[in-house]
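The sequence and structure come first.

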Amino acid sequence: GGMAGGSADCAAVLKGINQMFSLGLTERELMEHGVKLGADVPYCVMGGTAIARGIGEKLTPLPAPPKCHIIIAKPPVSVSTAYVYGHIRPDAIKKRPDIEKMAESIRKQDLPKLSQLLYNVMEDVTVPEYPIIQEIKDVMLEGGALNSIMSGSGPTVFGIFDNEEKAQKACQKLRESGSCQQVFLT
């Protein structure tokens with residue numbers, strides 16, 4: 001679904017093996033082993049909020065983001081991560097997220113600014129192939145989301161809300177639309 005589920009499972013297994021067999025590996029050592037298994041694994045070992053550089057293994061911790069309400073919606077389609085990465089054309093990317101401004105917004109607890117800055121370049125590949133992703137984003141935005149973007153290579157979409165009532169209404173609309181296989185509000 002584009003939410004690092006396999007990487008999270010891998011990180012849990014690494015942590016579990018370390019504990020079960022009393023290996024005494026540090027978090028850093030687990031992260032070094034994890035990156036050999038997947039780019040997102042070091043982050044999943046560490047958890048929290050962080051800036052990721054390199055292929056995702058160079059992590060700089062950040063404070064927790066501002067409190068908000070998030071809808072997570074998974075449409076009934078599957079997306080091949082390999083397909084998305086194979087079709088990204090770096091030379092054609094016109095907009096990129098400003099990581100430093102996002103980090104500053106997190107430090108200042110500025111949810112509206114942080115939300116405006118979020119952008120996923122992989123949408124340029126995935127959304128044209130799966131228009132339902134844009135439909136879900138539009139429902140969230142029309143429902144009052146500060147922003148709505150696809151997670152990872154997709155197809156899961158999330159929307160950020162500063163108002164729980166608006167989030168609940170948008171969640172209900174998504175459930176009624178039939179466009180989502182799963183919808184969660186957190």
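The largest nonpolar core has 22 residues, and I71, A73, I136, M140, F161, L174 and V183 touch the most other members. A nonpolar core is a set of buried Ala, Val, Leu, Ile, Met, Phe, Trp, Tyr and Cys residues joined through side-chain atoms within 4.5 Å. Buried means under 20% relative accessible area, exposed over 50%, and partly exposed in between (1.4 Å probe, protein chains only). The model is predicted: local features need pLDDT of at least 70, side-chain atom pairs count only at pLDDT 80 or more, and totals for chains, interfaces and linings use all residues. Residues are numbered from 1 along each chain as its sequence is written, and side-chain values use heavy atoms, with hydrogens and water left out.

- A second, separate core has 11 residues, among them I51, M102, I106 and L114.

**Helix 1**

- Helix 1 has 16 residues and spans 22 Å from first to last C-alpha, close to the expected 22 Å, which is 1.5 Å times one less than its number of residues.
- S7, A11, L14 and N18 are the buried residues of helix 1.
- They lie on the same side of helix 1 because they cover an arc of only 60° around the axis, taken from the directions from the helix axis to the C-beta atoms.
- These buried residues pack against helix 2 (27-34) and helix 3 (41-46).
- The face turned away from the buried side carries the exposed residues G6, D9, Q19 and M20.
- N18 counts as buried because its relative accessibility is 12%; outside four places in sequence, N18 is in contact with L23, G24, L25 and L30.
- S22, which follows helix 1, has a positive phi near 45°.

- Strand 1 (residues 49-53) and strand 2 (residues 58-62) pair in the antiparallel sense over five bridges; pairing requires at least two DSSP bridges.
- A50 has P61 of strand 2 as its bridge partner.
- Four residues sit between the strands of this hairpin, in which G54 takes a positive phi near 70°.

**G152**

- G152 is in the loop between strand 4 (147-150) and strand 5, and counts as partly exposed because its relative accessibility is 29%.
- Not counting residues up to four places away in sequence, G152 touches G2, N120 and M122.

Terms used
Helix = DSSP H or I, 4+ residues; strand = E, 2+ residues; numbered from the N terminus. Contact = heavy atoms within 4.5 Å.
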